[in-house]
Amino acid sequence: MRFLGERVKRKGGGLGGEKGLQFCFWGVNVFGTMNSSRREEIAGQTVVVILAAGKGTRMGRPGTPKVCFEIDGVPAINRVIATVGAESFASFLIVVGHGAEQVRETIGKERAGIGYVVQEPQLGTGHAAKAAAEALQKQGHEGYVLVTMGDKFIERSAVAALVGGFGEEEADLALLTIPKTEFTERSGGRVLADDAGQAVGIIESIDAARQAIADELNRAVGGGVEITKAAIREVIDRHIPNPGKQGVAVGELLALGGEGDEIDKRGLEEILRSQRYNLTIAGRRYSAEEIEKSCAGVNPSLYLFKSAAFYAGVGMIDNDNAQGEYYLTDVVRHLAGVKDGGGKRKFSIKTVPIEDGDWIQGFNSPDELLAIQDYVRRRKKTPEVPPRAGLKAGQYCTVSEWLGKIERNTAELRRWVEGVYGVHEGLYEEKRGDLIRVLRLYGERFGFEEKVCIVRAPGRINLMGRHVDHRGGWNNCLAIDRETIAVAGLRGDDNVEVVNVEPERFPSVK
């Protein structure tokens, strides 16, 4: 094998890494008593709808759609498709919006025959589901609909549990629930169920927070406590720390008038009596405390519908909530409220509880993404026989072809470079130059028609722990401003020849 490399300096940020080519699964359990033929029957009549239109603003890379961020080398959206596909689901409909072409390109590298529908504008998960429902109805789909998000890590076990629960209960809608913990309760909606186990609603965390604010202010008003603007602000800040969310969720309270620090008490009482500040599910008003006590689990966003229930529920979704968005979770409340001619609930909505919250994990920040990646790596099983290494056709070509791609300065090249180093025009041109320099040296030394691949190894320093991570320990690594870029090609013998673009510093070695 031949290598040519260059020791170069990095000037930009960004997340990088090698592309993993291997899918690993663990702990695939069989749930319930439903036989495999029934499972396959359900899977064969199901369209899997994956919502993949989000921006992922907090991820720190605005040019990369959230679902395209990688988990251990594999884009999140491709992991979801592969996991669900492993449970015999074969028909997919992806709802795209932000970065639609990049999402299509990312999926297309791994999977053909995928359907797409565009959500424009992006007004929430419920709005995305409406776009999917319209497309499926036009196609005349009458089977089942499995819905989830593309920015998730999902174990096969979770999908198997959902299908088992759905089939055994003969439900119109089955939704998975996970335990409420200090990690899951931060963003997951609370699932409310009645004594019969019928789900009646899902309360998003921001709506629960608004109800908590209303409850606290109602107690103060009822107790004759003097309420000031400062006091209202303190209550709001405590329950909704994010200033950006406060204006949408409790804008009426923030706008209360009055002289100085005084407030319009009559105006406050009118606000607190309004529907927005009184969460009502199935005809019953819930306080924030009652929501927490009645919570049957947290919603990780994995649903299986009969198509009639999906179309009916999605059609009733509105944006009367703290965010002013269309929530997919509102289908539970709407379907639970539909009655037949005899006054009974028309739709059966069952929860499928699982005890392991790690089976479905979402991410909204780089830290959460890294936590999922650590989990995946810890769960990997070492195969008895190491798989034979191999590259896909798009990962190697002749030196001349590589040079042509890089010198043409294509949009694909820019996305790849900026995905590694971040958006930085000067650094982008520098990296193009580095790649061209190494490729040309390889061509001059071994031939421009030799097939090669390009690899990079970012430099790092290890502040704590040396070679302990593969023994279950922890280390603390930081990227530094150096890296190695290498162009590698095959030889016809067992020799390894290494040549550097700076021969005066790094002589050739065999």
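Tutor: Take Leu176. Leaving aside neighbours within four places in sequence, Leu176 is in contact (heavy atoms within 4.5 Å) with Ala158, Ala161, Leu162, Val298, Asn299, Pro300, Leu302, Val352, Ile354 and Ile360. This is a predicted model: local features need pLDDT of at least 70, side-chain atom pairs count only at pLDDT 80 or more, and totals for chains, interfaces and linings use all residues. Residues are numbered from 1 along each chain as its sequence is written, and side-chain values use heavy atoms, leaving out hydrogens and water.

Student: Which residues touch the most other members of the largest nonpolar core?

Tutor: First the term. A nonpolar core is a set of buried Ala, Val, Leu, Ile, Met, Phe, Trp, Tyr and Cys residues joined through side-chain atoms within 4.5 Å. Buried means under 20% relative accessible area, with a 1.4 Å probe and protein chains only. Here the largest core has 49 residues, and Ile94 and Leu176 touch the most other members. Helix 5 (residues 156–169) gives this core its largest share, six residues. A second, separate core has 43 residues, including Leu93, Val117, Leu136 and Ile203.

Student: How do I describe two packed helices?

Tutor: Give the angle between their axes and the distance between the axes. Axes are lines fitted to C-alpha atoms, for helices over the stretch in contact, and angles run from 0 to 180 degrees between N-to-C directions. Helices are DSSP runs (H or I, at least four residues), as are strands (E, at least two), numbered from the N terminus.

Student: At what angle do helix 7 and helix 8 pack?

Tutor: About 160 degrees, with the axes of helix 7 (residues 229–239) and helix 8 (residues 243–254) 11 Å apart. Over 145 counts as roughly antiparallel, so helix 7 and helix 8 are roughly antiparallel to each other. Ile232, Arg233, Ile236 and Asp237 of helix 7 meet Gln246, Val250, Leu253 and Leu254 of helix 8.

Student: And where do helix 4 and helix 11 stand?

Tutor: The axes of helix 4 (residues 125–139) and helix 11 (residues 307–315) come within 10 Å and cross at roughly 135 degrees. The pair is therefore oblique, the class left after under 35 degrees (roughly parallel), over 145 (roughly antiparallel) and 65 to 115 (roughly perpendicular). Helix 4 supplies Ala129, Lys130, Ala133, Leu136 and Gln137 to the contact, and helix 11 supplies Phe310, Tyr311, Val314 and Gly315.

Student: Which residues of helix 11 are buried?

Tutor: Ser307, Ala309, Phe310, Tyr311, Gly313 and Val314. These buried residues pack against helix 4, strand 7 (144–149), strand 15 (302–306) and helix 12 (330–336).

Terms used:
Buried means under 20% relative accessible area, exposed over 50%, partly exposed in between (1.4 Å probe, protein chains only).
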